[in-house]
Amino acid sequence: MAPTLTTEGAAQETIRPQFNIDGGGAAPRTLVVVISDALRRALTAPGDPALRPLPDQVVALLEALRAPPRLAAHLRAVHDVAAQLTDALADRFPQLPVDRAAVLFGAATHDIGKVRHPEELSGPGSAHEPAGYDLLLRHGVATSVARFARTHASWQQDGIDVDDLLVSVADKVWKGKRVTDLEDLLVDRLAAATGRDRWSVFLDLDDILDRIAADADRRLAFQATHPVRAPASGR
Ligand SMILES: [Fe+2]
């Protein structure tokens, strides 16, 4: 007997029957495994402008969690911007101490708690922040890099360092948003690291952020092409 397939969101999903269990005279029961083409596309589509792939560890985690495609697309956009930002800062402010790998991992995972709170993909809310931190810890991620899930919207709190600020800035400027109090904190760090005047540092930072923000509309368009809804689980 042909398997009964779940076709919810079929336009974005391929659903592959894995087992077909005949209930011995009762109506056949079918187990299916959902192969999310939508998530795969969000993780691999080139993007315009081209977006870097996420780190392999993050890709594996998003696949295991059956993350919403929109979330994967967002994480790619912010991760790519974080890479551009850290590269530009290393060029213009080589004195600034930055753990680039940590920043990139943080950008790639900062909203992962929205797997548990998908309503926060399309509406306000901060429940995803502690949820994301806990989720990363449960999957064996070290607290030193899981922290970005908790700190990316809390730049005014005590204990926030340069790497936290960079993830927060990337999470704003990817869509062209400029946040004065956040950027002021980064200017403070840049001025302290370089010994230069704040106004001078700001002009350089402003130029870097303006250049990155110039592609914001295209990144927003890329993200919008990927559906919010997570693929249905096998049933
Ligand atoms: Fe974000």
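**Overall layout**

Read along the sequence, the protein chain runs β-β-α-α-α-α-α-α-α-α-α-α-α, which comes to 11 helices and 2 strands, where helices (H or I, at least four residues) and strands (E, at least two) are DSSP runs numbered from the N terminus. Please keep in mind that this is a predicted model, in which local features need pLDDT of at least 70 and side-chain atom pairs count only at pLDDT 80 or more, while totals for chains, interfaces and linings use all residues. Residues are numbered from 1 along each chain as its sequence is written.

Of the 235 residues in the protein chain, 38% are buried, a residue being buried if 20 or more other C-beta atoms lie within 10 Å of its own, exposed if 12 or fewer, and partly exposed in between, with C-beta atoms placed from the backbone.

**Helix α10**

Helix α10, residues 198–213, has 16 residues and reaches 21 Å from its first C-alpha to its last, close to the 22 Å expected at 1.5 Å a residue, the expected span being 1.5 Å times one less than the number of residues. Which residues of α10 are buried? They are V201, L205, L209 and I212, and, seen down the axis of α10, they fall within an arc of 60°, so they line one face of the helix; the arc is that of the directions from the helix axis to the C-beta atoms. On the other side of α10, W199, L203, D207, D210 and R211 are exposed.
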